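Keep the viewer open and follow along.

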Amino acid sequence: MNEIVWIIFIGVGATIVMDLWALTRQFFFGIPVSYAFLGRWLGSMRNGRLLHQNIATSPPIKSERTLGWTAHYLTGILFSALLIVIWGSEWLNRPTLIPALLVGVATVTFPFLVMQPCMGAGIAATKTPRPTMTRIHSLAIHTVFGLGLYGSGWLSHLLQN
């Protein structure tokens, strides 16, 4: 049970780090932070719709922002659990950078291969106006998530001792 609490702590912490990075990008570069389209995509699945030509032009879903942000944090927790499943609970006792970074970077495959194609952006953002920049931003933010896993892992380790 205690392990589950720390997995949640680490997942939420890493997601907060990711969001702080995203807010910094928004402030300095004008890249908006919103998970409304994620919520729209997930919410539209209730009606049997998985694929969209362009998620931005699909009809809005009630409470899509809330749904999107909730899914974003639950996904962070899920990826934190993946880290512990792969590297074992020993990682909680002695967090190391490489496993956290590997999981963080590997998580970019989900938006590249699932979310972006389903939302109409193509595999790895091929249908976006600037695919290379979109890929770089995705990779950067998921790397930051990996750093957040590591930092949150160390904070959990310090709090346990």
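The buried residues of helix 5 pack against helix 3 (64-87), helix 4 (90-93) and helix 7 (131-160), where contact means heavy atoms within 4.5 Å. Helices here are DSSP runs (H or I, at least four residues), numbered from the N terminus. Bear in mind that this is a predicted model: local features need pLDDT of at least 70, side-chain atom pairs count only at pLDDT 80 or more, and totals for chains, interfaces and linings use all residues. Residues are numbered from 1 along each chain as its sequence is written, and side-chain values use heavy atoms, with hydrogens and water left out.

Which residues of helix 5 are buried? In this helix, residues 97-106, they are Pro-99, Ala-100, Val-103 and Gly-104. They sit on the same side of helix 5 because they cover an arc of only 130 degrees around the axis, taken from the directions from the helix axis to the C-beta atoms. Buried means under 20% relative accessible area, exposed over 50%, and partly exposed in between (1.4 Å probe, protein chains only).

Now look at Ile-98, also in helix 5. Ile-98 counts as exposed, at 54% relative accessibility. Ile-98 belongs to a nonpolar surface patch of about 730 Å², along with Leu-82, Val-85, Ile-86, Trp-87, Leu-97, Leu-102 and Leu-147. Patches like this take residues with over 30% relative accessible area and no salt bridge, joining nonpolar side chains (Val, Leu, Ile, Met, Phe, Trp, Tyr) within 5 Å; the areas come from the Shrake-Rupley method with a 1.4 Å probe. Helix 3 and helix 5 each supply at least two residues of the patch, and helix 3 gives the most, with 4.

Over in helix 7, find His-157. His-157 is buried, at a relative accessible area of 17%. Its side chain reaches the backbone oxygen of Asn-93 at 2.8 Å. Setting aside neighbours within four places in sequence, His-157 is in contact with Leu-92, Asn-93 and Pro-95.

Finally, how many salt bridges does a search of the whole structure find? The search turns up 1, with a salt bridge being a side-chain nitrogen of Lys or Arg within 4 Å of a carboxyl oxygen of Asp or Glu. The side chains of Arg-40 and Glu-64 meet there (2.8 Å, N to O). Arg-40 lies in helix 2 (residues 36-44) and Glu-64 in helix 3, so the pair ties together parts that are 24 residues apart in sequence. Arg-40 and Glu-64 are both buried.

Terms used:
Polar contact = N/O pair within 3.5 Å; in protein donor to acceptor, adjacent residues only side chain to side chain. Patch = residues over 30% accessible without salt bridge, like charges linked within 9 Å, V, L, I, M, F, W, Y side chains within 5 Å.
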